[in-house]
Each structure stands twice: as C-alpha cells, then as structure tokens.
Amino acid sequence: MMSAKDMAKVMIVILAIVFLTRTDGKAIKKRAVSEIQFMHNLGKYLASLERIEWLRKKLQDVHRFPSLGAPLGAGEGGSQRSPPKEENILVDHHPKSLGEGDKADVDVLIKAKSQ
Amino acid sequence: LLSTITMTTIGALPQLCDVLRLLQEEQDQCLQELSKDRREDVSPQLPVPGCEGLWDNMSCWPSSAPGHTVEVECPRFLQMLTSRNGSLFRNCTPDGWSETFPRPDLACGVNVNDSSNERRHAYLLKLKVMYTVGYSSSLVMLLVALSILCALRRLHCTRNYIHMHLFVSFILRALSNFIKDAVLFSSDDVTYCDTHRVGCKLVMIFFQYCIMANYAWLLVEGLYLHTLLVISFFSERKCLQGFIALGWGSPAVFVASWAITRHFLEDIGCWDINANASIWWVIRGPVILSILINFILFINILRILMRKLRTQETGGNEVNQYKRLAKSTLLLIPLFGVHYIVFAFSPEDAMEVQLFFELALGSFQGLVVAILYCFLNGEVQLEVQKKWRQWNLQGFPLRPVALSLSFSNGTSGPTHGTKGSPSEQSRGICRASII
C-alpha cells in the first residue's frame with residue numbers, strides 16, 4: 001500500500017516537472033491532444049494557403065486594373081460633355097465591376113478549396 | 001469592429017471570409033461615396049477634365065484634378081493580413097489615372113511567395129496517411145475483439161465490461177477521426193464563408209467528445225485496477241455504474257461547456273482552429289488531468305505489485321499469480337495510455353516529434369489493446385477454443401452454440417451441462433487474474 005507520504009512525494013515530483021516545463025510559457029500554446037493539434041496545424045496551413053492564393057489573384061487583378069481602367073477613364077472623360085449619358089455610364093460601369101469582382105473571389109475560393 | 005479585427009490578428013491570421021467581408025464593406029462604402037460625389041458634381045454643367053473617383057477592387061481613389069498625385073492608405077484588408085501600414089499612390093494625368101505605385105504587395109508588406117510552410121505541410125500529409133493506416137487497422141481489430149467479448153457470455157464480468165467500453169471508445173475515436181478528415185480536409189464545397197455551418201460544428205463536437213471519452217475510459221481502466229488492488233471489498237455493480245458515468249458522462253459535460261463557450265466567445269470557422277487558449281482549457285485541462293491521474297495510478301499500482309512480490313515468499317501458486325501480474329503490468333502501458341505523459345508537458349518545439357509519436361504510433365494503441373486484452377488473453381483463447389470444440393462436436397456447423405445457449409431454454413444435448421452455471425463459471429474465470 002502506498003502511504004500518503006509517498007503519494008505526496010510523487011505529486012511533488014510531477015508538479016515540479018510540470019512547472020519546470022511550463023516556465024518558458026511555450027507549452028501554453030500546445031493543444032495537449034495530438035489529433036486536435038494536427039487539425040489545428042493543418043487547418044491553419046490550409047487557411048493560409050487559401051488566403052495567399054486569393055491575395056495573389058487579387059493583386060494581379062489590381063495590377064492589371066489601370067490598363068483596363070485608363071482607357072475607360074479616358075472614354076468617360078470624352079463623354080463627359082453630355083451629362084445624362086455620363087450618368088448612365090456610372091450606373092452601368094460600377095455594378096458590372098462589382099459583379100466581376102465577386103465572381104473572381106468565388107473562383108479563387110473554389111480553386112483554393114479543391115487543392 | 002476594429003477591436004475585434006485587431007484581436008483576431010493577434011490570435012491568428014484571419015479567415016479569408018473575414019477578409020472578403022471587410023473588402024466588401026470597403027467597396028460598398030467607396031461606391032457610396034463616389035456616387036455621392038458624382039451627384040454633387042453633376043450640377044455644374046461645365047466638364048472638368050481630370051480623374052474620376054475610382055474603386056480599383058482594392059482601394060478607393062477620390063476624384064482628382066490632373067497633375068496631382070493621390071495618396072491612399074493601404075487597404076484595410078491588407079492591413080488585416082500584414083498588420084503593417086503603408087501608402088499607395090496614383091498620378092492623375094490628363095489621360096486618366098496612372099498605375100498604382102509602388103506595387104501594392106511591396107508597399108503594404110504582403111509576401112505572396114511565402115513557401116516556408118511547404119515542408120511542414122508535406123509532413124502533415126504524411127502523418128495523415130500514417131494515422132489513417134493506424135486507425136483503420138485498430139478499428140478492424142477492435143471490432144473483432146468487441147464482438148468476441150460480446151458473444152462469449154461467460155467472459156462477461158466487470159473487468160471485461162470495462163474493456164468493452166474502452167474498445168467502444170477507441171472505435172469511436174478512430175471513426176470520428178475519419179469523419180473529421182472527410183468533413184474538413186477533403187471537401188470542395190464553396191460554402192466556406194457561411195459561418196453558421198451547424199453540421200460541421202456538430203462533427204467537431206462529436207470529434208472532441210470521442211477523444212475525451214477515450215481518455216476518460218483509459219482513466220477508468222486505471223481507477224478500476226487501482227480500486228481492485230487497494231480496496232478489498234467494494235460493490236462491483238455500483239462501481240461499474242460510477243465508471244460508466246465517468247467514462248461517458250464527464251466528457252459530455254466538458255464538451256458541452258466547451259461548445260457553449262466556443263459559440264459565444266470564439267465562433268470562428270468550423271471550430272477547428274483554436275486560438276483562444278482559455279477556451280481550449282475546458283478540453284485541455286480535463287485531458288491533462290486524466291493523463292496525470294492515470295500516470296500516478298500506474299506508478300502506484302507498480303509499487304503495490306513490487307511490494308507484494310517482495311513480501312510473498314511462500315506458495316509457488318501465489319507467487320506465480322503475482323509474477324503473472326507483474327508481467328501484465330508491463331501490458332498496462334497501452335491500457336492506461338501511460339505514453340501520453342511523455343509529451344503532455346513537453347515544450348512546443350518538440351511538436352513534430354510529439355505528433356509523430358502520438359498520432360502515427362499512437363493510432364495503433366487500439367490495435368495493441370485489442371490484441372493484448374482479447375486475442376492474447378488466455379481466458380478468451382480458452383473460451384474460443386471451447387466454443388469451437390462444442391461447435392464441431394455438435395455437428396451443426398451452421399448453428400453456433402452461443403445462439404442455442406441464449407435462446408433455447410433447457411434443451412437437451414451438450415449445451416445443457418454448461419448452461420447450468422454460466423454466471424458462476426464466468427465469475428470464476430474473471431477472478432483468476434485481475435488484469
């Protein structure tokens with residue numbers, strides 16, 4: 001039979017181990033359950049992959065934008081002489097670019113997810 | 001809103017959905033402002049040459065006169081990703097807007113060519129293959145072992161009931177891993193941004209429950225053996241009820257409270273990534289505690305056995321029994337999950353080793369337990385042999401004895417004799433060895 005004294009000894013040793021390994025504060029970040037840690041790591045990696053993929057596409061789009069935007073701007077500048085027409089262009093132009101943007105986002109999401 | 005964004009930035013990088021939502025907000029805001037400006041500008045009939053306000057899918061450029069350089073801050077969604085400030089410029093030329101300069105990724109500190117995680121990812125995928133093999137083999141063996149223990153009624157006793165529950169918890173753990181992988185890592189659904197996917201979260205809750213239940217049943221094995229050795233007289237039936245409550249009930253309590261706190265405090269994604277340490281303690285604390293208690297019980301059991309072996313000097317039979325116990329003690333490591341203590345308090349640097357040890361190798365724990373506590377168990381082998389012999393003697397290969405034992409009431413034949421005292425005999429079998 002184990003006496004209370006022995007039990008206390010064991011407890012003290014274990015607590016010492018716990019606190020010695022805990023002092024650097026790094027252990028706090030761990031998940032203690034390997035399955036969860038794995039899920040966390042892989043999930044984070046996939047999320048970052050998805051984000052980078054999307055960002056790359058996004059930056060490419062923006063970089064290409066002026067080449068699309070400049071002629072449009074020039075065209076609008078030319079048509080600015082007739083204000084009612086310009087109103088139409090404004091209404092037409094922006095919802096269209098909005099829709100395209102959304103579609104691009106969805107495309108990237110699909111692509112990133114299937115990887 | 002800003003505070004929540006900064007909080008998520010500190011904890012972990014934000015989900016793409018949050019980025020998209022922020023971008024959408026900025027776009028709406030920009031378009032609103034631009035159209036407002038436009039409406040105000042419409043009144044003067046004279047055309048003003050210059051650059052109109054522009055939303056270039058990233059930043060909002062106010063209208064400007066030619067020859068000016070417009071400066072805007074880095075878009076908020078980029079700041080969210082990099083937490084760095086910077087500015088973007090465009091010149092307004094007579095022909096319209098120039099290109100953005102400097103390049104947005106350079107100006108706002110975005111690194112799109114970051115492939116440092118590539119190696120780690122490959123490692124994780126290899127790990128996944130390994131633990132899939134481990135869990136599938138464990139699953140098959142555990143199912144066979146469980147059906148053997150269920151079918152052989154003479155083996156039914158408290159110890160084996162606890163083993164059976166443990167087997168079930170191992171089976172659930174393996175199954176929930178497969179379900180989790182199927183839901184999280186192989187889906188090509190586009191509904192990723194729908195944060196209220198209840199099904200995914202339910203799978204996650206089930207997954208957490210199965211893992212915790214497994215730890216709880218490992219603890220129950222430890223507690224049972226310890227009680228058996230330390231306390232001479234105790235009610236096995238009451239004990240078993242208590243153990244069942246501990247093994248299946250306590251994980252439910254912890255997982256439920258985890259789900260509730262998670263729902264109210266960290267409702268991000270599918271609850272698969274946990275960045276908030278304090279919420280995670282709801283699961284982590286009990287798991288570490290159970291590992292610790294089991295380790296202490298294990299050491300204590302070892303001490304008791306050693307002491308008994310040392311003091312017992314008479315009677316070859318009893319010595320033999322204790323030798324058997326000592327030998328069995330080595331087999332306790334997989335049964336108690338003592339190996340978890342190795343990495344329970346290790347620093348984060350040892351994560352890769354830990355994952356390999358506990359996932360790739362640990363997934364075979366169910367297999368080892370099934371082999372040691374069912375297939376290699378002398379009583380089980382004896383019972384199976386007996387049944388096999390009875391089966392052959394009876395000459396009805398299509399009618400298993402187990403069925404006739406349980407369903408036919410007092411029939412003649414070779415089953416009659418054995419049927420007389422199944423409970424007594426089974427008790428006798430179970431008492432023969434403690435482990």
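Predicted model: local features only at pLDDT ≥ 70, side-chain atom pairs only at ≥ 80, totals over all residues.
Figure 1. A residue counts as buried when its relative accessible area is under 20%.

**Figure 2. B:Trp271, a residue with a positive phi.** Let's move to the loop between helix 8 (236-265) and helix 9 of chain B, where B:Trp271 is found. Its phi is about 65 degrees, a positive value, even though B:Trp271 is not a glycine. Is B:Trp271 buried or exposed? The answer is buried, since the relative accessible area of B:Trp271 comes to 5%.

**Figure 3. Helix 7 of chain B packs with helix 9 of chain B.** A pair of packed helices can be described by two values, the angle between the axes and the distance between them. In this close-up, helix 7 (residues 198-230) and helix 9 (residues 277-311) of chain B pack at about 25 degrees, and their axes are 9 Å apart. That angle makes helix 7 of chain B roughly parallel to helix 9 of chain B, because angles under 35 degrees get that label. As for handedness, the crossing of helix 7 and helix 9 of chain B is left-handed.

**Figure 4. Helix 6 of chain B meets helix 14 of chain B.** Now for another pair of helices. Helix 6 (residues 158-184) and helix 14 (residues 365-375) of chain B pack at an angle of about 155 degrees, with 10 Å between their axes. That makes helix 6 of chain B roughly antiparallel to helix 14 of chain B, because the label applies to angles over 145 degrees. The crossing of helix 6 and helix 14 of chain B is left-handed. Which residues of helix 6 of chain B meet helix 14 of chain B? Look for B:His163, B:Leu166, B:Phe167 and B:Phe170. On the helix 14 side, the residues they meet are B:Gln365, B:Gly366, B:Val369, B:Ala370, B:Tyr373 and B:Cys374.

**Figure 5. Chain B and its two domains, domain 1 and domain 2.** Stepping back, chain B has 18 helices and 5 strands. Of its 435 residues, 46% are buried. Domain 1 covers 16-40 + 48-108, while domain 2 covers 115-312 + 323-385. How far apart are the centres of these two domains of chain B? Taken over C-alpha atoms, the separation is 54 Å. Looking at contacts in chain B between residues at least 6 apart in sequence, 69% join residues at least 24 apart. Chain B exposes about 21700 Å², and carbon and sulfur atoms supply 63% of that area.

**Figure 6. Chain A, an α-α-α chain.** Chain A has 3 helices and 0 strands, giving the pattern α-α-α along the sequence. Buried residues account for 45% of its 115 residues. The accessible surface of chain A is about 6200 Å², with 66% belonging to carbon and sulfur atoms.

Technical notes
Residues numbered from 1 in each chain as written. Chains lettered and ligands numbered in written order. Heavy atoms only, no water. Helix = DSSP H or I, 4+ residues; strand = E, 2+ residues; numbered from the N terminus. Buried < 20%, exposed > 50% of the residue type's maximum accessible area, 1.4 Å probe, protein only. Contact = heavy atoms within 4.5 Å. Areas by Shrake-Rupley, 256 points an atom, 1.4 Å probe, with all protein chains shown as cover. Domains from an automatic or database assignment. Axes fitted to C-alpha atoms, helices over the stretch in contact; angles between N-to-C directions. Parallel < 35°, antiparallel > 145°, perpendicular 65-115°, else oblique. Left-handed = near helix turned anticlockwise from the far one by under 90°.
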